[in-house]
Amino acid sequence: MELRAPDAHADAPRPAPLPSEALLRGRRLVEISHNGEVYRLQSTRLGKLILTK
């Protein structure tokens with residue numbers, strides 16, 4: 001039997017999804033700063049999203 005710690009956020013409602021258009025705003029690439037690191041969010045020609053460090 002596996003014992004797990006209770007999830008503190010299990011009962012919290014999920015936030016509404018943020019449309020990718022709100023982040024990209026007509027661009028194919030945005031850079032996001034997070035915890036001192038820079039990530040790149042890129043939209044491909046096929047409409048997929050790629051997040052890289």
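Is Ser43 buried or exposed? In this predicted model, Ser43 counts as buried, because its relative accessibility of 17% falls under the 20% cut-off.

View 1. Ser43 lies in strand β2. Apart from neighbours within four places in sequence, the residues in contact with Ser43 are Leu24, Arg28, Lys48 and Leu49.

**View 2. The open sheet of three strands.** The strand order is β1-β2-β3, with antiparallel pairing. The edges are taken by β1 (29–34) and β3 (49–52); each has a single partner strand, so one side of each is left without a neighbour in the sheet. On average, and with direction ignored, neighbouring strands are turned by 20° against each other.

**View 3. Pairing of β1 with β2.** These antiparallel strands are joined by six bridges. Val30 stands opposite Leu41 of β2. The hairpin of β1 and β2 has two residues between the strands, and Asn35 in this hairpin takes a positive phi near 50°.

**View 4. Pairing of β2 with β3.** Strand β2 (residues 37–43) runs antiparallel to β3, and four bridges join the two. Arg40 has Thr52 of β3 as its bridge partner, and Leu41 stands opposite Leu51, also in β3.

**View 5. The turn between β2 and β3.** Five residues separate the two strands of this hairpin. Gly47, in the turn, has a positive phi of about 85°.

Note on methods. Residues numbered from 1 in each chain as written. Predicted model: local features only at pLDDT ≥ 70, side-chain atom pairs only at ≥ 80, totals over all residues. Heavy atoms only, no water. Pairing = 2+ DSSP bridges. Axes fitted to C-alpha atoms, helices over the stretch in contact; angles between N-to-C directions. Buried < 20%, exposed > 50% of the residue type's maximum accessible area, 1.4 Å probe, protein only. Contact = heavy atoms within 4.5 Å.
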